[in-house]
Amino acid sequence: MKEGINFVKKMETIELIQTLSTANGVSGFEEEVVKIYKETCQEIGEMSTDGMKNLYIQRKENQGNRRIVQLDAHSDEVGLIVQAILPNGMLRFLTVGGWVANNLSAQKVRVRNRQKKYITGVVTSIPPHFLSESERKKPLSVQDLLIDVGAKSKKEVEEIYGIAIGSPIVPDVECKFDEKRGLFLGKAFDCRIGCACMADVLDELKGEELPFDVVATLSSQEEVGLRGATVAANKVKSDLAIVFEGCPADDLSKESFMIQSAMGKGPMLRHFDVSMITSPEFQEYALEVAKKLNIPVQVSVRSGGGTNGAAIQKATGSPTIVIAIPVRYAHTHHGMVEYQDYLYAKELALGILRKLSNEEITTLIQPV
Ligand SMILES: [Zn+2]
């Protein structure tokens, strides 16, 4: 663990990461996350929300009529939604965001009922006793899976459990921190680890004068197509943007020369993915700051992916970078994040924000 972190502050940060990870917030139903965030950031400045549950935070030190640097992280997580209730009380569901069936089968979930209480259920799986040799080898698909909340009829699900068509569902996982290894284990680190990092950066900057205004957005519905960020970007109209993310770690699934977001090697700065070409000038600026501050970073070029950076860039034309903290097993029930990667991501964002001058912003927004 890096030295020099105030103990109280460190404990607060670890608790914040755990609270945000455990919170329920499938796309469209992010209110629990927004509420935690509002409490955490109440000293930062003025806050407001919109009809999509985007949260906007203006620093107290903002003056208006200055350039705007937007910080962003997304509040939603991948989850499921009830599509139909079967006569025997089982729930048929659709996925919200990217999932594969093998990662869902036999996992615990929480289903939100009409009273907004969460009810534990299990994604069905057939015990090995009842599977023939050929059935065991059959590939799974999401359409084969159901959720069992322990009811025996549709009536029971509706009347006693209060579950209805459209009820949102999240993985039932509580975040744990292993102090010895500096390791978080939990769900939804995409993007709650980014949410925590952004809050921490705002907190560190409290009372500091910067030559530009900072508006932070906690955007909704990223996992279903950057929907919240599209609205938020149009409102904020930033000049420059930094997006915080929890990105999938690739150190266990790629050849060594293709590893670009290993856990424990620092934040990842993405040059390119299918949705966005990072501003090469701003990216270079960020990498130079990292070098000067001795912060380890990784860079990547991705054939897939997509972040809120794309929505912001398309709405405003602002040079945008993505600072992503590697998450092992993203979009499953059980992810891992190294605290040290989080700390490096925070230091890098702070380093950039504290160094940026108005002249430099001018150069970045007028590269030619
Ligand atoms: Zn994400």
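These legends go with close-ups of helix 1 and of a UniProt-annotated site in a predicted model. Local features need pLDDT of at least 70 and side-chain atom pairs 80 or more, while totals for chains, interfaces and linings use all residues. Numbering starts from 1 along each chain as its sequence is written, and side-chain values use heavy atoms, leaving out hydrogens and water.

**View 1. Helix 1 and its buried face.** Helix 1 (a DSSP run of H or I, at least four residues) covers residues 7-22 and reaches 23 Å between its end C-alphas. Its buried residues (under 20% relative accessible area, 1.4 Å probe, protein chains only) include Lys9, Ile14 and Leu20. Seen down the axis, the buried residues fall within an arc of 155 degrees (directions from the axis to the C-beta atoms), so they line one face. Turned away from that side are Phe7 and Val8, both exposed (over 50%).

**View 2. The annotated "binding site".** The unreviewed UniProt entry puts this feature at His74, Asp190 and Glu245; such annotations may be inferred rather than shown by experiment.

**View 3. Around His74.** His74 sits in strand 3 (a DSSP run of E, at least two residues) and is buried at 1% relative accessible area. Beyond four places in sequence, its contacts (heavy atoms within 4.5 Å) include Asp190, Cys191 and Glu245.

**View 4. Around Asp190.** Asp190 belongs to helix 5 and is buried, with 11% relative accessible area. Among the residues Asp190 touches are His74, Asp76 and His331.

Note on methods
Expected span 1.5 Å × (residues − 1).
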